[in-house]
Amino acid sequence: MTDERPAEPPTDPPAAAERRNGEMVRSDRGALARHRRLADEDLMAMAVRREESAFQVLYERHGRIAFGLAYRMMGDRASAEDVVQDAMIAAWRRCGSYRPDRGSVRNWILSITHHRAIDRLRSAATHDRRRAPDDEVIPDRGAPDSFTLVWQSAQREEIKTALAEIPDEQRRVIELGYFGGYTHVEISDLLDVPLGTVKARMRLGLQKLRASLSPTLASPS
Amino acid sequence: MTPFPDFTDAPRAIDHDEVIDLAGAFALGALTSGDAAAVDAHLNGCRRCAIQVEPLVDVAFLLPMTCDDVAPSPDLETRVLAAIHAENEAMGPIPANVASLDEHRRRRRPSLRAVGAVAAAVVAVAVGTIALERGVGTTGGGTRTVDAEQAADLGNARVALVSSRDGLRLQADGLAAAPDGKSWVVWARHGQGGLENLGTVSPDAAHRASFAVPGDASEILITAESNPRTRAATSPPAVDLTNT
């Protein structure tokens with residue numbers, strides 16, 4: 001799933017964040033405005049050339065959903081922000097290893113975020129896992145534009161509805177595995193059901209989820 | 001790059017039936033790292049299984065959309081940008097052979113999701129990461145000159161993956177000898193799988209070294225090892241080159 005929006009290649013020198021008087025200064029607005037018209041894959045190519053403003057746009061596009069995922073998994077803001085920060089820095093370091101034939105930039109960043117969160121959840125230090133989500137509300141700054149919000153909201157509702165419609169026992173193992181960071185063996189112990197049943201529920205649940213989604217969502221290519 | 005959770009022996013071999021059995025758990029990230037590496041290694045070489053597993057992976061990537069839409073604190077963006085800026089400043093100049101955006105667009109494949117495309121004619125471009133004991137520096141691509149002050153163990157080394165008619169080679173200039181009692185061991189990673197010990201590399205009198213590596217490796221690493229025949233790396237990589 002690659003963003004193929006038409007865009008003009010930037011001609012200016014790389015716009016990088018600078019530190020002035022001890023303060024981090026964002027990339028210049030002109031560069032950011034141009035970069036915001038570029039496809040994710042083009043931004044990744046620029047990030048490989050260490051253009052920080054290109055990566056800043058990638059953060060703007062995908063940092064929010066990455067945080068939503070980390071927050072759901074970790075259960076508190078501080079841990080979720082640590083996960084996202086780790087994941088974004090890892091993405092910056094490894095942007096040269098991104099391969100478009102293996103999926104979209106969004107999925108690549110979410111995959112790194114997911115793995116970072118799983119690592120933390122599976123570590124002994126945070127093994128108590130599920131904590132109640134914080135109630136603190138953070139002012140929403142830098143939200144996506146209204147069209148994007150409506151589009152994402154529609155997608156979110158469709159996926160939520162589809163997830164709600166699969167059998168409870170299948171949804172349960174999917175949520176424990178994906179958001180809880182539990183392995184299929186741990187889920188088998190936790191729910192006291194045979195391992196084979198857990199594996200089958202995961203596979204069948206995902207297949208049903210896919211079948212109930214619109215073709216655009218189910219086949220992102 | 002603190003922990004190396006996937007820094008293990010080569011993944012175990014598994015058959016088609018087991019891959020399909022584990023497909024759901026694999027897509028959800030609900031396998032141990034060893035099992036996940038085994039499935040991934042199988043999928044990299046088995047189109048038949050990949051066709052069945054990829055749709056489940058795609059669906060799993062939609063699950064974050066079901067999370068509540070909550071905004072991170074504004075400070076997070078500042079922290080992330082400050083961190084990458086600090087790393088950028090600590091790194092040397094951008095290598096001349098890193099593709100520009102225009103070059104990148106010319107190279108882009110017509111089908112982004114084509115799996116198993118033959119890449120024999122594609123000149124390998126090495127993108128490297130130099131991971132040091134005291135931190136990680138990242139290159140934008142091509143080659144990386146390691147600052148001797150940063151990496152006393154490596155010397156002032158310039159390390160690159162070079163593609164030629166004879167295949168892919170790891171080449172190093174200015175490579176120091178391995179630390180006392182240790183050898184530089186070269187590792188290859190295939191796909192997302194585990195690491196394969198390819199053997200040791202030593203600099204010649206001119207501090208140069210060249211080492212043939214498999215062209216289909218996704219990643220080439222060098223570590224300092226007391227046992228040159230070890231099957232599992234015991235130290236962080238001094239060199240980590242991604243073969244794209």
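A salt bridge is a side-chain nitrogen of Lys or Arg within 4 Å of a carboxyl oxygen of Asp or Glu. I went looking for them here.

**Ground rules.** I'm working on a predicted model, where local features need pLDDT of at least 70, side-chain atom pairs count only at pLDDT 80 or more, and totals for chains, interfaces and linings use all residues. Residues are numbered from 1 along each chain as its sequence is written, chains are lettered from A in the order in which they are written, and side-chain values use heavy atoms, with hydrogens and water left out.

**Entry 1.** I looked up the total: 13 salt bridges over all chains.

**Entry 2.** I checked Asp21(B) next, and it forms a salt bridge with Lys199(A), with the closest N and O atoms 2.6 Å apart. This pair crosses between chains, from helix α1 (residues 16–21) of chain B to helix α9 (residues 195–212) of chain A. Helices here are DSSP runs (H or I, at least four residues), numbered from the N terminus. Lys199(A) is buried at 12% relative accessible area, while Asp21(B) is partly exposed at 27%. For those words, buried means under 20% relative accessible area, exposed over 50%, and partly exposed in between (1.4 Å probe, protein chains only). I also noted a network of salt bridges linking Lys199(A), Arg203(A) and Asp21(B).

**Entry 3.** Then I found Glu81(A) and Arg79(B) meeting in a salt bridge (3.4 Å, N to O). Glu81(A) sits in helix α4 of chain A and Arg79(B) in helix α5 of chain B, so this pair joins two chains. Glu81(A) is buried at 9%; Arg79(B) counts as partly exposed at 32%.
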